[in-house]
Structures are given as C-alpha cells and as structure tokens.
Amino acid sequence: MRKEAVRYLRCPYCSGAMTMTDGVLRCSRGHSFDVAKQGYVNLLRGAAKFSADTAAMVAARADFLAAGHYAPIAGALAALARATAPETTGGDLGCVVDIGGGTGYHLGRVMSEFPDTEGILLDISKFAARRAARAHPRISAVVADAWDGLPLADGAASVVLNVFAPRNPAELRRILRPEGVLLVVTPRPDHLRELVAALGLLRVGEQKDERLADRLSAHFTEVAREPSRSTMTLDHKAVPQLVGMGPNAWHQQSERLEERIARLPEPCDVTLSVTLTAYRPLV
C-alpha cells in the first residue's frame with residue numbers, strides 16, 4: 001500500500017479519511033486496518049455477497065495472462081483510457097481505479113499511460129490482491145466488495161476500469177470525477193466460441209451490451225464503443241487455465257473437463273471477442 005494512494009481511500013465503516021503510519025491505516029474515529037505483509041489492505045466491512053476467487057483460480061489467471069493471451073484487450077484498454085481520460089493542467093490528477101481488477105494485469109498496462117498517477121485496485125479476493133500489490137510499482141491493492149459501498153472518496157478517480165467484473169452504477173458514479181471516464185470491457189456472444197460447446201462453458205447473452213447500457217443509463221452516458229476481436233492459439237495447458245480463471249471454474253468437474261480438452265486439437269485457435277465501452281458521468 002502506497003502512502004500516496006491513502007488520500008483517496010475512505011474508512012468502510014464511517015467513510016472518514018484515513019492516514020497510514022507504521023503499516024496501519026486509521027481513520028479519525030479509531031477504525032484501523034493492518035496492511036498485510038504482501039502489501040495489500042483488507043477493507044471489507046462484513047461478509048461478501050458472492051464467493052471470492054480461490055487461490056487456484058487466481059493462479060490460473062496469473063499464468064494465463066502472463067502468457068500474453070489477453071494482451072490485445074489490455075492494449076486496447078490502455079489506448080482507450082489515454083484517448084478518453086480528462087485533460088488536466090496541474091494539481092491532483094485523481095487516481096485510476098480498477099473495480100474487480102484481479103491480479104492487476106489490465107491496470108498495470110493502463111498505468112503505463114499515466115506516469116504521474118496512483119492506481120488503486122479493488123477485488124473481493126485476497127489472493128488476487130496479493131498478486132495485484134506486486135503487479136506495478138504504483139498499484140495499491142484493496143480487498144473490497146464491488147456490490148457494497150466502495151472504500152473510496154467521492155470523486156477520487158479520473159479513470160475507472162471494469163473488466164469482466166461486477167459493477168455498482170451508483171457507486172461508480174460517486175467515486176468518479178465529473179469529467180472522468182468509466183471504461184467497461186464485456187465479452188461478446190462469439191467470445192471463446194470454439195470452446196463453449198466443446199467444453200460446456202457459460203454462454204454470453206446476445207443482448208449483454210444492451211443490458212449493460214440500461215443498467216448504467218441512470219448515472220452515465222456512452223461516449224465511445226469499440227469492438228476488439230482476435231484469435232488466440234492455445235495448447236492443452238492454456239485451455240484449463242482459461243476455464244479455471246473465471247466463472248466457468250464454478251461449473252466444471254475436473255475429470256470431465258480433462259476428457260473434453262483431450263479431444264480438442266492442439267494447438268487450437270480460440271476467438272477473443274470483447275466490447276470496450278467508454279462512459280461519462282451524467283451531470
């Protein structure tokens with residue numbers, strides 16, 4: 001946890017500003033939170049509403065992303081962030097926040113476009129936060145629930161990222177500056193299409209983008225939408241990593257999955273297809 005990032009955080013119990021001394025975050029009302037030895041801080045204020053990614057899921061994601069399979073998404077996201085971020089001429093630039101940011105892969109890439117800015121990653125999984133704290137020198141990792149009140153100050157962020165992750169529109173609007181931008185990455189219906197039927201994976205709904213727009217419409221207006229489509233070439237080691245790093249991990253039996261993967265060609269070409277959408281807060 002970086003001292004430079006603490007000014008953007010708020011106590012999850014009383015919403016008070018916090019300071020950090022000797023590896024402990026404290027608010028004026030006496031609530032305190034130890035920074036873990038791995039560098040992250042846990043600001044959950046109660047039981048989370050949904051299950052957090054396990055250590056095995058996070059390890060699978062780290063290995064898969066390190067191989068560069070999702071590099072087209074990270075590159076497109078960084079370019080869109082640079083193109084849509086608010087112009088500033090001095091003073092506090094605000095931070096870049098990643099909601100449900102996992103291991104910090106995407107935020108780390110985006111941070112390269114903002115050399116003087118702090119990055120704050122929130123994820124419900126402590127295993128993800130451990131890795132995210134080491135993903136980039138200017139990332140501070142926080143364990144928090146995206147469905148709960150976010151432990152961030154009003155207007156803390158100039159850029160908010162949301163990549164394949166849950167989102168609370170009202171809270172996203174609250175933490176974003178009036179001139180800021182929310183960048184959302186969602187899978188398209190043809191995402192991973194070569195594996196969906198062959199492995200029995202979850203399908204992406206045809207109206208996913210429209211449902212997203214409806215949910216955000218009370219707080220945001222869309223200003224840009226870009227499709228990103230490419231082909232990944234995966235071997236039989238990468239395929240179970242891909243399956244095991246996300247929601248499909250909760251719906252698969254390992255033995256049956258191994259049998260199905262064995263019947264795939266090796267290597268196999270798999271479609272990577274997402275939509276990147278930029279939103280401005282409604283005034």
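Q: How many cavities of 30 Å³ or more does the count come to?
A: This is a predicted model, where local features need pLDDT of at least 70, side-chain atom pairs count only at pLDDT 80 or more, and totals for chains, interfaces and linings use all residues. Residues are numbered from 1 along each chain as its sequence is written, and side-chain values use heavy atoms, without hydrogens and water. On a 1 Å grid over the protein atoms alone, a cavity is a set of points where a 1.4 Å probe fits but cannot get out. By this rule the count is 1 cavity.

Q: What volume does the largest cavity have?
A: Grid points are joined across faces, edges and corners, and a volume is the space filled by probe spheres set on the points. Residues lining the largest cavity include Leu43, Leu44, Arg45 and Asp148. By class, its lining has 5 nonpolar, 1 polar and 3 charged residues. The volume is about 50 Å³.

Q: Which residues lie closest to the centre of the largest pocket?
A: A pocket is an open set of points with protein on both sides within 12 Å along at least five of seven lines, and lining residues have an atom within 4 Å of a point. The largest pocket has a volume of about 1,500 Å³. Of the 49 residues that line the largest pocket, the closest to its centre are Phe164, Ala165, Pro166, Gly246 and Pro247.

Q: Which element supplies the largest share of the lining of the largest pocket?
A: Helices (H or I, at least four residues) and strands (E, at least two) are DSSP runs, numbered from the N terminus. Elements that each supply at least two lining residues include H2 (55–66), E5 (95–99) and H8 (208–216). The largest share, 4 residues, comes from H8.

Q: How many residues of the lining of the largest pocket are charged?
A: Ala, Val, Leu, Ile, Met, Phe, Trp, Tyr, Cys and Pro count as nonpolar, Asp, Glu, Lys and Arg as charged, and the others, Gly among them, as polar. The lining holds 28 nonpolar and 11 polar residues. The charged ones number 10.

Q: Which strands stand at the edges of the sheet of 8 strands?
A: Two strands pair if DSSP finds at least two bridges between them. The open sheet runs E4-E7-E6-E5-E8-E9-E11-E10, with mixed pairing. Each edge strand has a single partner, so one side of each is left without a neighbour in the sheet. Those strands are E4 (41–42) and E10 (220–234).

Q: Which residue in E8 is the bridge partner of Cys95?
A: E5 and E8 (residues 157–163) run parallel, joined by 4 bridges. Cys95 counts as buried (under 20% relative accessible area), because its relative accessibility is 0%. Its bridge partner in E8 is Ala157.

Q: Which residue in E3 is the bridge partner of Leu25?
A: Another open sheet has 3 strands in the order E1-E2-E3, with antiparallel pairing. In it, 3 bridges join E2 (residues 24–27) to E3. The partner of Leu25 is Phe33.

Q: How many disulfides does the structure hold?
A: A disulfide is a pair of cysteine sulfur atoms within 2.5 Å. For Cys11, the nearest cysteine sulfur, that of Cys14, is 3.7 Å away. For Cys95, the nearest is that of Cys11, 17 Å away. The number of disulfides is 0.

Q: What separates the C-alpha atoms of Leu65 and Leu242?
A: Leu65 is in helix H2. Leu65 is buried, with a relative accessible area of 5%. Leu65 and Leu242 are 177 residues apart along the chain. Their C-alpha atoms are separated by 9.1 Å.

Conventions
Buried < 20%, exposed > 50% of the residue type's maximum accessible area, 1.4 Å probe, protein only.
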